[in-house]
Amino acid sequence: MSFPKAKVFTIGDIVPGAENIPCKQYNNIRGVDVTNRILTFANTIGGKFIYMNDDFFVTAKLRADVPIFNGDLTINPDHPTHYQIAAKNTIEFLEYFGHPIKNFETHSPVLMDSKKLIKTFDQMNWKEDNHFIKSIYLNVNQPKELRAGTNLKLSNCDIPKAEQFLRDYGCFSTGDAFINSVGSTWIKNLTLILERPPCFE
C-alpha cells in the first residue's frame, strides 16, 4: 500500500483486511445509495476522511486535499439517462444556492469533512433522486486549492495512460476491461515495486 498507516473502512460490502460499517442498500438509485453510505460513515465514525471507490489505485503522490475537476458540469445527451438526471439535479441545487458548478466527477479520491458533509446534505432532499455527492460537497465546501484535470477512469487496458495518470495525479481508476486483462498483472507488479523499501529504489 502507498499509505501503510491508513485505516481502511468499507461501507456495506465486507472486504478482508478492512473494517466494515454495516449499511444496507438504500434503493436502486446509485447517487442516493452512495450518499447514504458516505453519510453513514460520517455519522458513525466522523472526522476527516478520504472517499474513494474500490477500483481506485493510488500512490504516495496523491493529493486528496487538492481535488481534481474537469471543467463545469453539463448535461451530456450522450450519457445514460440516470447520469443526465444526476447532472441536472446537481446543477440545479448548486445554482439555486449560488455555488459554482465545477465537475468533480473525475474518478479520483477526495478529502471530506464529516461535519461539513452532513450540514451540506441537510440542505437537500438527497433521498429523492440521483445526484453527484462529490460535485455537491466540493462546490459547496471548496478547498483552498483545486486542480484542473481530466477523467481518470480507464475503461480499456491503456497501461501507458495509467502510468501517465500515476505520474501526474498519483491515482487512476479502472474499468472491467482493464482488470480482466494484462492490466491486472501490471497492477500487481506495480504494487510490488511501490512497496519496496528505499534501498531497492
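Strands β8 and β9 (residues 171–174) run parallel and are joined by two bridges, where strands count as paired if DSSP finds at least two bridges between them. Within that pair, lysine 153 has serine 173 of β9 as its bridge partner. Please keep in mind that this is a predicted model, in which local features need pLDDT of at least 70, side-chain atom pairs count only at pLDDT 80 or more, and totals for chains, interfaces and linings use all residues. Residues are numbered from 1 along each chain as its sequence is written, and side-chain values use heavy atoms, leaving out hydrogens and water.

**The sheet around β9**

- β4, β9 and β8 form an open sheet of three strands in the order β4-β9-β8, with mixed pairing.
- β4 (56–58) and β8 (153–154) are the edge strands, each with a single partner strand, so one side of each has no neighbour in the sheet.
- On the β4 side, the pairing with β9 is antiparallel and spans three bridges.
- Here valine 58 has cysteine 171 of β9 as its bridge partner.
- The side chains of β9 go two ways, Cys171 and Ser173 pointing one way and Phe172 and Thr174 the other, and all are buried; buried means under 20% relative accessible area, exposed over 50% and partly exposed in between, with a 1.4 Å probe and protein chains only.

**The β3–β6 pair**

- Strand β3 (residues 48–51) and strand β6 (residues 110–113) run antiparallel and are joined by four bridges.
- Isoleucine 50 has leucine 111 of β6 as its bridge partner.

**Two loop residues**

- Glycine 12 sits in the loop between β1 (9–11) and β2 (19–21).
- Leaving out residues up to four places away in sequence, glycine 12 touches Asn20, Ile21, Cys23 and Arg37, a contact being heavy atoms within 4.5 Å.
- From glycine 12 to histidine 131 the separation is 119 residues in sequence and 20 Å in space, C-alpha to C-alpha.
- Histidine 107 is found in the loop between α2 (81–96) and β6.
- Although not a glycine, histidine 107 has a positive phi of about 55 degrees.
- Most residues other than glycine have a negative phi.
- Histidine 107 counts as partly exposed because its relative accessibility is 27%.

**The chain as a whole**

- The protein chain has seven helices and nine strands, taken as DSSP runs numbered from the N terminus, with helices being H or I of at least four residues and strands E of at least two.
- Its radius of gyration is 17 Å, close to the 17 Å that the globule rule gives for 201 residues, so the chain is as compact as a globular protein of that length; the radius is taken over C-alpha atoms, and the rule is 2.2 Å times the number of residues to the power 0.38.
- Along the principal axes, the C-alpha atoms fill a box of roughly 55 × 35 × 35 Å.
- Of the 201 residues in the protein chain, 41% are buried.
- Among contacts between residues at least 6 apart in sequence, 66% join residues at least 24 apart.
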